[in-house]
Amino acid sequence: MTVRVLLADDQPLVRAALQMVIADAPDLDLAGEAGSGADAVRMAEEAGPDVVVMDIRMPGMDGIEATRLITEGCGAQVLVLTTFDDDEYVHGALRAGASGFLVKDMALDDILAAIRVVAAGEALIAPRVTRRLIEEFAGRPAPGPRPRQATGLTEREAEVLTLVGRGLSNAEIAAELFISAATVKTYVTRLLAKLGARDRVRLVIIAYETGLVSPTG
């Protein structure tokens with residue numbers, strides 16, 4: 001299956017670099033390029049990408065508002081481009097529905113791998129900066145109603161949710177619990193449905209907010 005990718009960044013050089021590596025990847029297809037948040041929203045509606053790689057700081061509509069409109073509209077997964085000093089922006093993007101985060105100085109091959117992972121819905125992209133941001137985010141009160149609590153879970157489901165919250169991949173969870181990766185995937189799917197979470201990022205947040213995982217581990 002080919003993953004259609006929309007690039008949203010106001011820096012042409014960033015878009016050009018990503019465009020070149022996407023063109024060389026047989027399983028990825030460039031759905032379009034946008035230089036602003038407003039253009040990203042419009043192109044996402046028109047092109048129907050699977051993943052939008054979204055810069056945060058753009059003229060006019062920023063990446064946070066564009067992320068909210070895209071995730072509420074066409075439902076594409078959004079990967080946010082960030083730097084180490086963008087904490088406040090990333091918290092906003094996470095609230096807006098972003099599914100993962102990319103650091104701009106990552107190797108291009110790692111960015112392609114991140115796109116594939118998020119498109120598949122298999123894992124949270126959790127480099128050191130992202131894990132730190134999620135921990136800080138989870139400790140802050142959300143504006144408005146609290147998310148659904150982790151009630152009605154079986155003991156095993158709670159164990160899986162805890163390990164997801166710690167940033168473990170399906171394979172790592174399988175090794176920890178002595179079950180197969182396919183079984184872990186089934187549990188994750190159940191957790192998404194039971195907790196009303198759209199993706200794995202939301203499961204991580206719920207694990208922190210319900211106290212299954214603490215910022216100190």
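Start by selecting Ile 70 and showing what it touches: leaving out residues up to four places away in sequence, you'll find Ala 40, Val 41, Ala 44, Val 52, Met 54, Gly 75, Ala 76 and Val 78. Keep in mind that this is a predicted model.

Now widen the selection. Ile 70 is among the residues with the most contacts inside the largest nonpolar core, which has 24 residues; Ala 8, Ala 40, Val 52, Met 54, Val 78 and Val 80 are also on that list. Colour by element and you'll see at least two core residues coming from each of strand 1, helix 2 (37-47), strand 3, helix 3 (63-72), strand 4, helix 4 (87-96) and helix 10 (200-209). Helix 2 is the top contributor, giving four.

There's a second, separate core too, with 21 residues; pick out Tyr 187, Ala 197, Ile 206 and Tyr 208 as some of its members.

Next stop, helix 3. Select Gly 63, Ile 64, Ala 66, Thr 67, Ile 70 and Thr 71, which are buried. Look down the helix 3 axis: the buried residues fall within an arc of 160°, so they line one face.

Finish on helix 5 (residues 108-120). Its buried residues are Ile 111, Leu 112, Ala 114, Ile 115 and Val 118. Viewed down the axis of helix 5, they stay within an arc of 155°, so these too line one face. To see what covers them, show strand 1 (3-8), helix 1 (12-23), strand 2 (28-34), strand 3 (51-55), strand 4 (77-82) and strand 5 (100-103), among others.

Note on methods:
Residues numbered from 1 in each chain as written. Predicted model: local features only at pLDDT ≥ 70, side-chain atom pairs only at ≥ 80, totals over all residues. Heavy atoms only, no water. Buried < 20%, exposed > 50% of the residue type's maximum accessible area, 1.4 Å probe, protein only. Arc of directions from axis to C-beta. Contact = heavy atoms within 4.5 Å. Core = buried A, V, L, I, M, F, W, Y, C linked by side-chain atoms within 4.5 Å.
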